[in-house]
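Below is a short report on one protein model.

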Amino acid sequence: MEIIKVKDYDALSDKAGELIAAKLKELKKPVLGLATGSTPEGLYQRLIEKYKRGEITFKHASSYNLDEYVGMKKDDPNSYRYYMNEKLFKHVDIPLDQTHVPAGDATNPEEACKKYEQAIQAAGGIDIQILGMGLNGHIGFNEPNTPFTAETHVVDLDESTRKANARFFASLDDVPTQAMTMGIATIMRSKEILLLVSGDSKAETLAKVIQGNVTEAVPASVLQNHPHVTIIADEAALSKLND
Ligand SMILES: O=P(O)(O)OC[C@H]1O[C@](O)(CO)[C@@H](O)[C@@H]1O
């Protein structure tokens, strides 16, 4: 694991922007694994700025998002498809048919998960997967104690995750109870992984992820087993590491 310590969230977004821009320049047909949540918003802003300055293009890129709420229509402002369109896709030149988000509104979500998994593999796998991390160490929506062998699947969301995400909804009752997510096995097949963590609320969990045992109780700890992981974290997020 390479750990890049930066001062704050702005610096984290700058550094992540540089790394992803370099990948876009390096690869002929980059396959990006994308994440939602608050953490990658700054990264997406940086990528839009670089695109507008003519430094990068997404024309030949394709993307696969980590997750989506079950039962969510694509045009619902709380859907992750809507988030991606608003925060990145509509501001850059990525053809929309090259972007993929699990179909939260599928009539058969289990079947849709299988197809999503196959589509990722048919695309040649993910070149670089961007990850945020939940307070409990979840990656995608893989909550604690999800088997590391899981591929894209339907999950019941933890109460703590629903509460953390309630800030985006009118009330906690409106937060969906299920989601579709790439599994840990799906994530671990990515050629490269970039984990972004900001803020002291995640410091204790991040210390376990980096220095603790690899355990399904802390999903992101599995990243210790991946050959090419970069963690960009700010001082606050790294404040609980042991020397
Ligand atoms: O970046 P945030 O908003 O703290 O979210 C962290 C993680 O939680 C999720 O939003 C799901 O709860 C993930 O998609 C994200 O990586």
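## Glu143 and its contacts

Beyond its neighbours within four places in sequence, Glu143 is in contact with Asn136, His138, Val155, Asp158 and Thr161. Contact means that the C-beta atoms of two residues, placed from the backbone, lie within 7 Å. Glu143 is buried because 21 other C-beta atoms lie within 10 Å. The cut-offs are 20 or more such atoms for buried, 12 or fewer for exposed, and partly exposed in between.

This is a predicted model: local features need pLDDT of at least 70, side-chain atom pairs count only at pLDDT 80 or more, and totals for chains, interfaces and linings use all residues. Residues are numbered from 1 along each chain as its sequence is written.

## Asn136 and the annotation

Asn136 lies in the loop between strand 6 (128–131) and strand 7 (153–156). Glu143 lies in the loop between strand 6 and strand 7 too. Strands are DSSP runs (E, at least two residues), numbered from the N terminus. Asn136 is partly exposed, with 17 other C-beta atoms within 10 Å.

An unreviewed UniProt entry places the feature "active site" at Asp67, Asn136, His138 and Glu143. Such annotations may be inferred rather than shown by experiment.

Seven strands form an open, parallel sheet in the order 1-10-9-6-2-3-5. Its edge strands are strand 1 (2–6) and strand 5 (99–100), each pairing on one side only. Pairing requires at least two DSSP bridges between two strands. Five bridges join strand 1 to strand 10 (residues 229–234). Lys5 has Ala233 in strand 10 as its bridge partner.

## Confidence

The mean pLDDT (the predictor's confidence in each residue, from 0 to 100) is 97 for the protein, and 100% of its residues reach 70 or more. For the complex, the predictor gives an ipTM of 0.92 and a pTM of 0.96.

Key
Helix = DSSP H or I, 4+ residues; strand = E, 2+ residues; numbered from the N terminus.
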